[in-house]
Amino acid sequence: MPGSYTVNVTQTINGQTSNKASLAFTVVVTKPVITSPIGGKVDHNPIIRGTAGIPGATMRVFDALTDRPLGNIPVTGNEWSVSILEDLSFGNHSIYAKQEYGGFPSEQSEQVTFEVILFPPSIDHPQEDENVARAPLIYGHARKFSELDTATVELWLEGAEEPLKTVRAWANGYWEYNSQLPLGTYKLRAKQIFAGTPSDFSSDREFTVVPAVPVIESPAQNQHVGTMVTLSGFGYAGDWVEVAWSDARESVLGRTQVQANRSWSLALPIDKPAGEQSWVVRQVFDEYSSAWSEVHPVRLLSSAPIFTAPEPGHWYAGLPVFQGTGETGKAIELSHWFDTRQSLSTGDGVDGGEWTASPDAPLRANSHWVKARQGDSAWGESARFEVDPG
C-alpha cells in the first residue's frame, strides 16, 4: 500500500551476524485515469468515471483552469465515479483527478475536456405509440431550478409553425400540460430554454388520442339480472358505446350513442346460461376506439316462470288459483308484487313444464298482482286480478 517504508537487512555466517544495512523508500499513490467523459457532450452535473483507484483512498476531481475542487468520493475499488453537484456553466471544461491515501497524494491524472450543453427535456407521458384518452396530460422533466432561473419548455406538433404550448418547469424540473387535443394521431417534440440558451429538440413522440373508456353505472356489479336488462352509464357526448361479453369481445351485443348530457343506455336480451357472467364496454368515434373496460360482473338469473292464469281482471270469490309454465323439477315460489320478500307460498312443483299454485293464506279483498320464481330465476308477474270481499 502507499506510504514510507524502511527495509533492514543482516546476514549470518558461522554464527556471526553482520551489521544492519537499511534502505528507506516510498510507495507512491497510483495516478488515476479518467475514462469518461472524454471530448463528449454532458449536462451541467456530469458524472466523472475512471480507473486505477486504490481502495481506502479519496478521489478528488478539480477544474483544470482554476484548480478548484468539483467533487470527491471514497474509493472502494479499481473503478470509481464522482458526481459533480455544482452546476457547471455551458461550454467547454477541462478537469483532472487526484487521489490521496493516508496523507500521500498521487500525481494528477491526464486532463480531459468535455462540453456542457442543455439537453432536450424528456417527454415521460404519453409513451411512444401509446393510446391516450381525450384531454391527455402531457408531462416530463427539464433542467431543475438553478441560480434564480427555471426552464421553459416548448411543445411542438409535427408540421406546426408555432408551439402547441409553452410551459414553465417547476423547481424540480417537472413540467406538465393539460392538452385538449381532438381525436387523432400526433407527433410531438419538445425543447427547453434555460438562462437564454435553447436546447435541441427531443426525438418525436408519436401517440394517438382516443375516446376514454366508458363507465357502466347500472346494473351494479354482482347484481342479479333477468333475461332482459338495460345497461346505462356515462361517456362522451356523440361517441358510441359498444357492449360485449367479456369472453366474446369480438361479438358486439349492441351499441348506443352517448347523449348530450353524457348519459347512455342500451336494452339487451340475455342469451347466456344462468350464473356468473360479465360485460365489457368500449367507446368509439369514427375509426378511433377506447380500450375495453374492466370486466363488469353480474349474476344472470334463469328465465322467469310464465303465468297463464288468471286472465286480466279475473274475479276470485275464494282462494285464488294460479297456473303457468316453467322448468320441470324446480319448485314455484309466490310473493306479493310490491315486496318479493313477503312470500305467499313455496314448494309447489312443476310437472311436465306446467304448474299450479295457490297462496298459503287467503288474500284480503282488493285488486292484486303476484310474482313467481323458480330457484335462481327472475320473477314473473301475473295479470291483475280481483278478490271478492264476499
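In the predicted model, H336 is found in strand β35, which spans residues 332-336. H336 is buried, because its relative accessible area of 16% falls under 20%. Beyond its neighbours within four places in sequence, H336 is in contact with Q342, L344 and L363.

Aromatic pairing was examined next. The count comes to 13 aromatic pairs. The rings of F62 and Y96 form a stacked pair, because their planes stand at 15°, under the 30 degrees required, with the centres 5.2 Å apart. This pair links distant parts of the chain. F62 belongs to strand β8 (residues 58-63) and Y96 to strand β11 (residues 91-101), 34 residues apart.

W337 and W369 make an edge-to-face pair. Their centres lie 5.1 Å apart, and the angle between the planes is 75°. W337 sits in the loop between β35 and β36 (339-348), whereas W369 sits in the loop between β39 (366-368) and β40 (370-373). The pair therefore ties together parts that are 32 residues apart in sequence. Each of these tryptophans is partly exposed: W337 has 39% relative accessibility, and W369 has a relative accessible area of 26%.

Aromatic residues also form a cluster. Ring pairs link F307, Y316, F322, W355 and F385. The ring of F201, in turn, has charged side chains over its face. R189 lies over the face of F201 at 5.4 Å from the ring centre. K191 also lies over the face of F201, at 5.1 Å from the ring centre.

Salt bridges were searched for across the whole structure, and 16 were found. One of them joins D339 to R341, with the closest N and O atoms 3.1 Å apart. The partners differ in accessibility. D339 is buried, with a relative accessible area of 16%, while R341 is exposed at 76% relative accessibility. R341 counts as exposed because its value is over 50%.

R384 and E386 form another salt bridge, with 3.3 Å between the closest N and O atoms. Here R384 is partly exposed, at a relative accessible area of 41%. E386 is buried, with a relative accessible area of 14%. K330 and E327 are also joined by a salt bridge, the closest N and O atoms being 3.6 Å apart. In this case both residues are partly exposed: K330 has a relative accessible area of 26%, and E327 has 42% relative accessibility. Elsewhere, E242, R255 and R282 are linked in a network of salt bridges.

Strand pairing was then considered. Three strands form an open sheet in the order β14-β16-β19, with antiparallel pairing. The edge strands are β14 (122-125) and β19 (174-178), and each pairs on one side only. Neighbouring strands of this sheet are turned by 30° against each other on average, direction ignored. Strand β16 covers residues 137-141 and pairs with β19 in the antiparallel sense over five bridges. Within the sheet, I138 stands opposite Y177 in β19.

Methods
Residues are numbered from 1 along each chain as its sequence is written. This is a predicted model: local features need pLDDT of at least 70, side-chain atom pairs count only at pLDDT 80 or more; totals for chains, interfaces and linings use all residues. Side-chain values use heavy atoms; hydrogens and water are left out. Helices (H or I, at least four residues) and strands (E, at least two) are DSSP runs, numbered from the N terminus. Buried means under 20% relative accessible area, exposed over 50%, partly exposed in between (1.4 Å probe, protein chains only). Contact means heavy atoms within 4.5 Å. A salt bridge is a side-chain nitrogen of Lys or Arg within 4 Å of a carboxyl oxygen of Asp or Glu. Two strands pair if DSSP finds at least two bridges between them. Axes are lines fitted to C-alpha atoms, for helices over the stretch in contact, and angles run from 0 to 180 degrees between N-to-C directions. Rings of Phe, Tyr and Trp (its six-membered ring) pair if their centres lie within 6.5 Å; planes under 30 degrees apart count as stacked, over 60 as edge-to-face and the rest as tilted. A charge sits over a ring if NZ of Lys or CZ of Arg is within 6 Å of the ring centre and within 35 degrees of the ring normal.
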